[in-house]
Amino acid sequence: MGLALLTGAFLAWRRKFRAHAWCQSVVVLLNAVLVALVMLPSFHRQVWPRIPLKLGKSYFGLATAHAALGAVVECGALYILLAAGTAVMPEKLRLTRYKLWMRTVLAGWWIVLLLGMATYARWYIPRLFR
C-alpha cells in the first residue's frame, strides 16, 4: 500500500488527476477493509484489555500508537475521499485547497506504516527489541 500511495502522489505530480484519484481511493478503501477485518479484531483481542496498565511496554505502546494515529489518518483520508471526490458532502465541508490536506495525510500514512512495521517486528521477531 505504501508503494501505491507513492504511485498516486506521482500521478498527481504528473497532473494525471483521474488516475491519482482512482489509485488513492482504492488504497483508502482497501485499507479500511483491512483495518476492519484484521487489525481491529487483533487489537481488541491482544492490546485493548491491557490499556492503560501496560502502555509503557513496547509491545502494547507501539500497537496503541499505530492504532491511534492510524485511526486519525484513515479518517482524514476518508474525509478527503468524500470531500474532494464526491458531491456527498455539503458545499461548506468540501475541500478547496487539496495539496496541504493530501500531503499531510500522506505523511501521516508513512508514519503509521513505519509504526505498523515496528509493531509487527516487536510482535513477531523474537529478541529484536531486547
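**Exercise 1. Which residues make the nonpolar surface patch of about 860 Å²?**

Solution. The structure is a predicted model, in which local features need pLDDT of at least 70 and side-chain atom pairs count only at pLDDT 80 or more, while totals for chains, interfaces and linings use all residues. Residues are numbered from 1 along each chain as its sequence is written, and side-chain values use heavy atoms, with hydrogens and water left out.

Step 1. Apply the rule: patches are made of residues with over 30% relative accessible area and no salt bridge, with like charges joined within 9 Å and nonpolar side chains (Val, Leu, Ile, Met, Phe, Trp, Tyr) joined within 5 Å. Accessible areas come from the Shrake-Rupley method with a 1.4 Å probe, and for residues only the protein chains shown count as cover.

Step 2. List the members: Met1, Trp22, Val26, Leu30, Val33, Leu34, Leu37, Val38 and Met39.

Step 3. Examine two of the members. Met39 lies in helix 2, which covers residues 17-46, and Val26 is found in helix 2. Helices (H or I, at least four residues) and strands (E, at least two) are DSSP runs, numbered from the N terminus. Met39 has a relative accessible area of 35% and is partly exposed; Val26, at 47%, counts as partly exposed. Here buried means under 20% relative accessible area, exposed over 50%, and partly exposed in between (1.4 Å probe, protein chains only).

**Exercise 2. Describe the overall fold.**

Solution. Step 1. Count the elements: the protein has 4 helices and 0 strands, giving the pattern α-α-α-α along the sequence.

Step 1. State the extent: the C-alpha trace spans about 45 × 30 × 25 Å along its principal axes. Of the 130 residues in the protein, 30% are buried.

**Exercise 3. Describe how helix 3 packs with helix 4.**

Solution. Step 1. Two packed helices are described by the angle between their axes and the distance between the axes. Axes are lines fitted to C-alpha atoms, for helices over the stretch in contact, and angles run from 0 to 180 degrees between N-to-C directions.

Step 1. Helix 3 (residues 58-85) and helix 4 (residues 98-124) pack at about 150°, with axes 8 Å apart. Helix 3 is therefore roughly antiparallel to helix 4, since angles under 35 degrees count as roughly parallel, over 145 as roughly antiparallel, 65 to 115 as roughly perpendicular and the rest as oblique.

Step 2. The crossing of helix 3 past helix 4 is left-handed; a crossing is left-handed if the near helix is turned anticlockwise from the far one by less than a right angle, and right-handed if clockwise.

**Exercise 4. Which residue forms a salt bridge with Arg94?**

Solution. Step 1. A salt bridge is a side-chain nitrogen of Lys or Arg within 4 Å of a carboxyl oxygen of Asp or Glu. By this rule the count is 1 salt bridge.

Step 1. The partner is Glu91, with the closest N and O atoms 3.0 Å apart. Arg94 is partly exposed at 28% relative accessible area, whereas Glu91 is exposed at 58%.
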